[in-house]
Structures are given as C-alpha cells and as structure tokens.
Amino acid sequence: MKKLIVILLVCILCFTALGLSACSSTLQRVKVYSEYELTSEGYAFCVTKGETELLNAANELLDELQADGRLDEIIKSFFDGTSTFAYENPVADLPTDKQTYLVVATNAEFPPFEYTSGNKYVGIDIEIAELLADKLGKVLYVYDMSFDAVIQTVQSGIESNIGMAGITVNEDRKKQVDFADEYYQSAQVLVTAQSDITFADCQSVQDILDRLTQQDKNFVVGTQSGTTGYMFANGNEGFGYEGFDNLTTNGYTAGALAVKDLANGKINAVIIDKQPVLMIADTINKQSEGVFQIFYEQFVTLEGYKAVLDGLLSTVEIAVIGLLIGFVIGSVLAVFKLLPNQSWYKSILSGFANIYVAIFRGTPMVVQLLIMHFALFPLLGINISSVMEAALVFGLNSGAYTSEIMRGGIMSVDKGQMEAGRALGLGFTKTMVKIIIPQAVKNVVPTLGNEFISLIKETSVVSFIAVVDLTKAFQNIANSTYEYFVPYIVLALFYFVIVLLIASLIKLVERRLRKSDRR
Amino acid sequence: MIDVRNLYKNFGKLQVLNAVSVKVEKGEKVVIIGPSGSGKSTLLRCMNLLEQPTYGEVWIDDRLITPVDPYLHREVIVQSNTFKRLYAIHKQTFRGSESELEDWLIQYIKRDDLLKRIEGKAYNNAIKSIKDASFVNINKARQHIGMVFQHFNLFNNKTVLENLMLAPLTLKLLTKEQAEEKARNLLSRIGLADKADVYPSTLSGGQKQRIAIVRALAMNPQCMLFDEPTSALDPEMVREVLQLMKELADDGMTMVIVTHEMKFAKEVATRVIFMDDGQIQEEGTPQQIFDNPQSPRLKEFLSQVL
C-alpha cells in the first residue's frame, strides 16, 4: 500500500512538471525562405562510359523510387536521423566477380549521403545502392576510397562500374563518365524564426546574401556538419564558396537539431538543404499544438509503443543475462581469491582474479562495449547478436563488481561451515557450492540487488553498438518529432517503475531465503 | 587406526605442537586433557588434516594423509645428496662399522635439520615410492573419520534431515531413499525424529550437538574425533550429549575426545593423554592419570579442574 502511494505521488509529480513545462513552452515558429535558393547543384550517380545497361537500370530504379515516394522517405530519414539502415560488406576483400557482386565506388565520409557507423556503411547513397543491387540480382559491395579516386575508378571501369558518392554533375566530369538522372537537388535555403524580421523584406537571393554579410559575430548560423550548407557558411574552395567570416557558425550532427535550437531561440538562422527542412520546419511548427499531442500521435497512433516494448525487452534481456553471467563469474573469482593458502595454484588464480577486477573496474563500461563490439569480437570471429554481445559485456563487467560482493559474502559465512563440510569428506569445491555460496548469497542479496538495479540503468549505453534498447527507442521517437521533453520524461518513468518492481522482487527473494533463520 | 608420527605445528613463530606421537588402536577411547593452549585441539584437528602439520606424518589405517616427512624415513635420508656428501667426507676418518657411521649421520642430519629443498633424483624417487605405496586422498580418508565440533557447525541453510543426507548423497554413497531412511533412523535413535524438517536455528544447543554427532555417523565412520563437544553448551544440556557419546563408546566406536569433562573421561576412556606446551606430558589409563599422577604439571592441572 505504502509503495503504491509512492508510485502515485511520483507520477503525479512528473505529470505536473510536464504540464507546467508544456504550458510555458517557448518554442517559436520557424520560417523557411524556400523560394530563395542560396546555391543549387544536382547530385547523380556516375557510370563507366559504355555501360548502358547499368545506366538504364539506375535510371529505372530512380524513376520507381521517385514515383512511389520512397526516395523522399530515404532522404528524410537520413536528414532527421531516424534511419535504421546499415549495410555490412558480405566479404572482406574486393570481389572480382562482377556477375555476383555490384561493386559501388564511394567515399564514405560524406554524411548523410555515405558514411560509416562501426563496421557498417550507412547513408542515402548506400541504401539506394542496395536497392540497385537487389534490382540487378547482385550482392552489393561498398568500395570505400578517397573522393578523387571515385571518378577515376569508375572511368577505368576495371574494379567498379558505378560511383555513388554524392557526386555533383558538371561538364568536366561528363567527359570522363556518364551520369544517371539527378536524384537530389542540393539547394540550400535560409531558415529563421518567424518573428525575426531581419530578412522579411528580402526580394531576391542577392538581398539575403547582402543581409547576411551585414551581420556581425553575434549572429549565429547553424548547419549540419559536412553538408553543402556547412560548406556554404564556412567557405570551401572546391565548391567555390567564400563563406561568411563575419558570422559565427555552429555545426550540428543532424540538421533537425539545428532547427530545434533555432526554435528554442539559441541561434539566429540555419542554412540547410531545402527538401528536408521543409518537413522539419513543418513538424516544429506543429509543436505549438502541444507536446502531449505530438507524443501521443507518435506513441499510440503511429505505434511507437511497439518499438518501445521491443526496446524494453532488450533492456531486460541484457540486464538479466548480464546479471546471471556476472554472478557466475563473480562467484568463481571470489572463490579464486579465497582459496586455502597452502594450494600451489592459489597465487596464480587469485592473481588472475585481481587482474580481471582491475581491468573491468578500471575502464568505463562504454569503452569495454566498444572494444568488444568493434575490435575483439570481430577479431575472434565471434558472431552473435548485438543484444547477446551487450549481455556478455555487461556480464563480464558486472562479474568484477560481483566478485567483491561475493567475497564479502563468503567471508561472512562462519569458518566452521567449511570445516564441517570438509570433515565429512566433501571436497573444497563441493562444500563451496553446496554449503558456503548459498549462505553467502543470502547475506549479499541486498547488495546484489543494488548491482542489478545499477546494471539495468547502465544498459542505456548499449545504443553505442546499435542495440535498440529502451533509451534508444525513446530517442528515436524524440528524434522523429523533434520534441524531447515528453519522451524523455516518460522514459525516466519507465526506468523508475522497472527499478521499483525489481526492488520489491529483491525483497521477496530475500524473505524466501531468510526462512532458515527464523526461530 | 590413527598413527600420528612426530608431529610439529607452528602458527607463525608460535609452536603449538612439538614432536607429538600418538597411536590410536581400533576400539580405543582416547581422551586428551590439558590446559587451554596446550595444543590438544590442534592435535585433534591434525588427525583429519583440518590443520596442515608443519612437520611429521599422520597415518590413517596404514595410509598416509600428509606429505611424506623425509626425516621419518631412513631410506629417504640415505638417498639424499647431503647424506652422500657427509658419508664421503667421514668415511675415511670414522672409526667404526659402516652401519654405525650411517646411524650416526642420520642422527646428525635429523638433529640439525640438514636436508635441503633439493636433494637429488634418488631422494625424490625414494619419497615418491613411499607416496605411491601409501598416500591416500584426504577427502577419501575423511569419509571414515567423523568429526564433532565445539560449535556444532550444522549447515545453517539446510534442514536437519538435509544436514544428515548431504554428505552421503553428494558423495554418491547412498541413494536418496537409502540416505533418507538412514537419516530418519539416526534421528529416532536420538529421539529427534520430529525435528527432521526444521532448520538448525530453531534447535537448542544440546539438540544441535546430538544432530551433529549423528550427521557424522551417517557416513559410517570407523572412528570419531570430538573437539570439546560440550564446551559451548549450557550445563543442563551437557548430560544428553555425553549420554549419546557414552552409547557410542559402548557400541565399540573408536574415539578420540578432547574435553574438560573429567568425570566422563574417567568413565569412558581406555587411555588418557595429558598435554601441555605442545607436548604429551603423561599418558596412561584413567586410574594412572587421575589417581596416581606423576608429573607436577598434571598434579597442578588436576588440582585446578577436579
């Protein structure tokens, strides 16, 4: 009963806070100067001269994608950071068999068109490339090289016949390779707050450029790092942009974040690709309708709760398996440290336990996760799902902490228990497993519970290795609506309730185990 | 049955046992008495290797349970490099037969603790042949030696029945049904059949100790070691425990008992050993020890406890 009241109180508190913040939300509407394209260029795929079949296939695919709106979807998903697409090369070395493989030359350093995430390739071009490979009945191989080499490689046509690297179409290049249809117009436009009248009376692109040049360092422009908008604001010789030295420029990892900051009044303007920002601005302007509405729509109407439930499952799975692995490892390490003194292997095993604890306790969880996922597992050829990987790493890490907990627990068991077991003829290990550890566990259940609780909260870092857990699921919701307050508060509530449940579970277990103490 | 040979035990610099030798024959009831700190508990615990002796050997049923102590084996010493070197030096000058020289050298090596850690291959082989012939795994040996502790040491996380069944089951000596039947029989023998399913924390000290005794009996031991079994009990509970021990003795169980209960010792013991300062000061029948003590220390001890 008492617990119920606590839960209720906390929920009421949270929603009051939510309501208050929603009422006093100071999100401004933003305005996109879409009719004035500051700069414009077309991106297209390049194909080796003479490969008409491939060229036609690419054009056909682009037509299809444009017709059913999938192209816009793909582009949007990478601009607002909600894409879950990732591609991993099926073979390590460059394949020579062009009948089986579609080798695509690219320069994977150009988000959101092509970049790497871990050992996987992501980006608009990569996703289209995979569709193209499917269409041709081939397997995609992403051939990563420097940007300059892409055109040359495709021109020679030996290793690869198609380049997809956000390549701008120009006359020089047309002499070297053939270009498919342009699939993306990289038009940069200016976005400001609706209430900002600095640019209100501008009649042409030149007016806007002049007005920008007149501003000083206090005027902050946001862009998505690496995009044309970023080059345009900061200057880039290759593109022929001079940049604006008089302004302050901020680079963001996603264009949406820049627009969000603009709506929050933190920056003055955003220079960004026209297509995505129209959608982004639309969503942000909708938010004056109320944050709950947006969250409800995403969570219930668009079935965001399904992803959340999947994420919840992953989180619980990782924590539970991690705890079990950690408990086994921890117990074994604790026993290593408490071996009887006379045994010759004592120093080796306890030394091992000490080194293990030092390593896993001495480095951050995230670092261990990254090392295991990107370096150790691929090196050892271990191929398991990311969730299991995360569970394993959490288990290994938790083992280090649990070993100290268990050591304390084992030491708190009366020495006579071990002597009685040994005197009956049971070996050290049998006595440990049958007599000592059960009693030790009983002594450390509260502390182990603590470890479990911190474990379940620590799992929120697993999105580093592309696991969608509870936190990542809510992050995705937040990212697709550009509304962060409600999703994160609800996320916090989720964790809070889970931890409350675990706490009562631990109490239950503790009471069960204590039955041998009752008098 | 139990043969303790020339046992030394040091805890750091403290010497607890100093050249103790005891032989317990089958059916004997040996009671060890002595002031506290005299080493009697340590001696008992060395008999089933709960304490590892520093030097000396313990034999159970003609099987060695401790490492081989080279000083106790003439055939080992004569194989050592130290012996061979000394033999070569003294052979020229020694006046007497070769066997006299050998005896003298062995005495000399034992007295001055001259053996080193590395003494050559022949020496290692000699040790190994003794070990191969008689060494037995301690866990095996302990199955035949029951032990009863001052603080009972019942397994707190197990019920009384489970306490009795655990060892025979874990070591696969009995099936579950056999073990349970045996455990229930033992419990009815001590009148505690109704306590089979309770946890030890609910029992009185006397009940715990009697259950600890039958827990040891569940393994069918050939001898029993008692380490001050009544010292932690309230006075009114001492009797029931001693009664059970006396029944055991009457059944012909071989027993080694460390105790302060002199009356019980007189009644039950076939031999009494008086220990002080880590050494056996006097031993004999109860009549000899209690009615006709020889050494002044025993006299003093008896005057204090009787």
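Predicted model: local features only at pLDDT ≥ 70, side-chain atom pairs only at ≥ 80, totals over all residues.
**Figure 1**
Start with chain A, whose secondary structure comes to 19 helices and 14 strands. Of its 519 residues, 49% count as buried. If you look at the contacts in chain A with a separation of 6 or more, residues 24 or more positions apart account for 77% of them. Chain B has 13 helices and 10 strands. Here 53% of the 306 residues count as buried. For contacts in chain B between residues at least 6 apart in sequence, 66% join residues at least 24 apart.

**Figure 1. Where chain A meets chain B.**
How many residues of each chain are in contact with the other? The tally is 23 residues of chain A and 26 residues of chain B. Together the two chains bury about 2200 Å² between them, and 58% of that is on carbon and sulfur atoms. The count of salt bridges between the chains is 1. It pairs the side chains of B:Arg45 and A:Glu419, with N to O at 2.5 Å.

Now for the side of chain A that touches chain B: the elements giving two or more residues to it are helix 16 (415–423) and helix 17 (428–458) of chain A. Which helix gives the most? That's helix 16 of chain A, with 7 residues. Sorted by type, the residues on this side of chain A come out as 6 nonpolar, 8 polar and 9 charged.

**Figure 2. B:Ile2 and the largest nonpolar core.**
The largest nonpolar core holds 79 residues, and B:Ile2 and B:Leu43 touch the most other members. Helix 17 of chain A gives the most to this core, with 13 residues. Zoom in on B:Ile2 and, leaving out residues up to four places away in sequence, you'll find it touching B:Val22, B:Lys23, B:Val24, B:Met47, B:Trp59, B:Ile60, B:Cys223, B:Leu225 and B:Val256. There is also a second, separate core of 50 residues, with B:Leu187, B:Ala265, B:Val268 and B:Ala269 among them.

**Figure 3. Helix 7 of chain B and what covers it.**
Why is helix 7 (residues 160–170) of chain B described as largely enclosed by the rest of the structure? Because 9 of its 11 residues are buried. Those buried residues are B:Val160, B:Leu161, B:Asn163, B:Leu164, B:Met165, B:Leu166, B:Ala167, B:Pro168 and B:Thr170. The cover over them includes helix 17 of chain A, along with helix 8 (176–189) and helix 9 (205–217) of chain B.

**Figure 4. Two positive phi angles in chain B.**
Just after helix 7 of chain B comes B:Lys172, with a positive phi of about 55°. This lysine is found in the loop between helix 7 and helix 8 of chain B. Is B:Lys172 buried or exposed? Its relative accessibility is 70%, so B:Lys172 counts as exposed. B:Ala19 also has a positive phi of about 55°, although it is not a glycine. B:Ala19 sits in strand 2 (residues 14–24) of chain B. At 33% relative accessibility, B:Ala19 counts as partly exposed.

A:Val154 lies in helix 5 (residues 147–156) of chain A. Its relative accessibility is 0%, so A:Val154 counts as buried. Setting aside residues up to four places away in sequence, A:Val154 touches A:Cys46, A:Val47, A:Thr48, A:Ala105, A:Ser160, A:Asn161, A:Ile162, A:Gly163 and A:Val177. A:Val154 and A:Lys49 are 105 residues apart in sequence, yet 8.7 Å apart in space, C-alpha to C-alpha. A:Thr153 is found in helix 5 of chain A as well. With a relative accessibility of 11%, A:Thr153 counts as buried. Leaving aside neighbours within four places in sequence, A:Thr153 is in contact with A:Tyr143, A:Met145, A:Ile158, A:Glu159 and A:Ser160.

Terms used
Residues numbered from 1 in each chain as written. Chains lettered and ligands numbered in written order. Heavy atoms only, no water. Contact = heavy atoms within 4.5 Å. Buried area = accessible area lost by both parts, 1.4 Å probe. Salt bridge = Lys/Arg side-chain N within 4 Å of Asp/Glu carboxyl O. Helix = DSSP H or I, 4+ residues; strand = E, 2+ residues; numbered from the N terminus. Nonpolar A, V, L, I, M, F, W, Y, C, P; charged D, E, K, R; others polar. Core = buried A, V, L, I, M, F, W, Y, C linked by side-chain atoms within 4.5 Å. Buried < 20%, exposed > 50% of the residue type's maximum accessible area, 1.4 Å probe, protein only.
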